[in-house]
Amino acid sequence: MSLLELLFPPKCPACKMRKAKEQVLCRSCLSEYEKEKNRLCPSCKNKRSRCHCRPRQASSAVFAYLSVFRYRENTPGGRLILKIKDQKQEQITEFLAEDLCKTLQNGCILKSDALITYVPRAQRSVLESGTDQAKALALALGKQCTLPVVNCLVHDKDGREQKSLSSKERHAHAQSVYHLREVCGDLGGKQVILVDDIVTSGATLSACAELLRKGGAGQIICLCAGRR
Ligand SMILES: [Zn+2]
Ligand SMILES: [Zn+2]
């Protein structure tokens with residue numbers, strides 16, 4: 001053990017207890033996280049890998065909505081997502097990307113032309129926290145499953161946070177906030193994996209998916225770490 005580790009022992013991001021340096025979560029949080037992943041979907045009673053439930057504001061442009069676990073703030077998984085929202089955390093991002101990759105491979109048939117894109121965060125939030133968590137997850141996922149990551153969408157308003165809006169407002173807000181980058185003008189019928197950290201109502205993902213569809217995307221699959 002190095003002196004640095006002796007003075008500042010690595011701590012579990014979920015419970016703040018000591019953990020092994022090479023592990024992301026301590027042993028007990030890891031086992032809680034694994035249980036959480038295997039928890040049956042409360043709506044369809046299927047395992048997450050077999051759950052095809054669509055969020056409230058689903059779009060017909062989206063072929064499937066996949067997620068790794070049910071998001072709850074006080075669970076290890078929920079805490080990991082909060083961590084990467086606040087600051088750059090490569091170890092946690094890679095850990096979550098590994099599960100995103102498995103969820104993607106189990107949940108759909110990947111086509112040879114598949115590409116990954118993500119729901120971009122508002123510029124102001126990126127400046128404040130120094131990180132765009134969906135982008136970071138998408139890049140790490142691209143490495144994990146060797147798929148190209150293309151920056152297709154722009155978030156061009158620094159309006160209110162989605163979570164302060166009613167569900168009707170969310171839809172209109174989401175539709176006014178994003179647009180397709182010109183370089184992504186023609187997605188040529190390709191399979192597009194749209195990544196975000198959490199899906200709540202589905203309004204944001206749906207608005208982004210509709211833009212991708214207008215841009216020529218073929219099958220669109222939404223992939224999130226947590227699902228509320
Ligand atoms: Zn822990
Ligand atoms: Zn379900």
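Trainee: What makes the site of the zinc ion (ligand 1) tetrahedral?

Mentor: Its four donor atoms are set at angles of 104 to 115°. Four donors count as tetrahedral if all angles lie between 85 and 135 degrees, so the label applies. This is a predicted model, in which local features need pLDDT of at least 70 and side-chain atom pairs pLDDT 80 or more, while totals for chains, interfaces and linings use all residues. Residues are numbered from 1 along each chain, chains are lettered from A and ligands numbered from 1 as written, and side-chain values use heavy atoms, without hydrogens and water.

Trainee: Which residues coordinate the zinc ion (ligand 1)?

Mentor: Cys-12, Cys-15, Cys-26 and Cys-29, each through SG, at 2.2 to 2.3 Å. The spacing in sequence is C-x2-C-x10-C-x2-C.

Trainee: Why is Cys-26 called buried, and what is Cys-15 called?

Mentor: Cys-26 has a relative accessible area of 9%, and Cys-15 has 28%. Buried means under 20%, exposed over 50% and partly exposed in between (1.4 Å probe, protein chains only). Therefore Cys-26 is buried, and Cys-15 is partly exposed.

Trainee: What makes the arrangement around the zinc ion (ligand 2) tetrahedral?

Mentor: Its four donor atoms subtend angles of 104 to 115°, so the arrangement is tetrahedral. The donors are SG of Cys-41, Cys-44, Cys-51 and Cys-53, 2.3 Å from the ion. Both Cys-51 and Cys-53 are buried.

Conventions
Donors are N, O and S atoms within 2.8 Å of the metal (3.2 Å for Na, K and Ca); water is not among the atoms, so sites may look incomplete. Four donors count as tetrahedral if all angles lie between 85 and 135 degrees; four count as square planar and six as octahedral if opposite donors are over 155 degrees apart and all others between 65 and 115; anything else is irregular.
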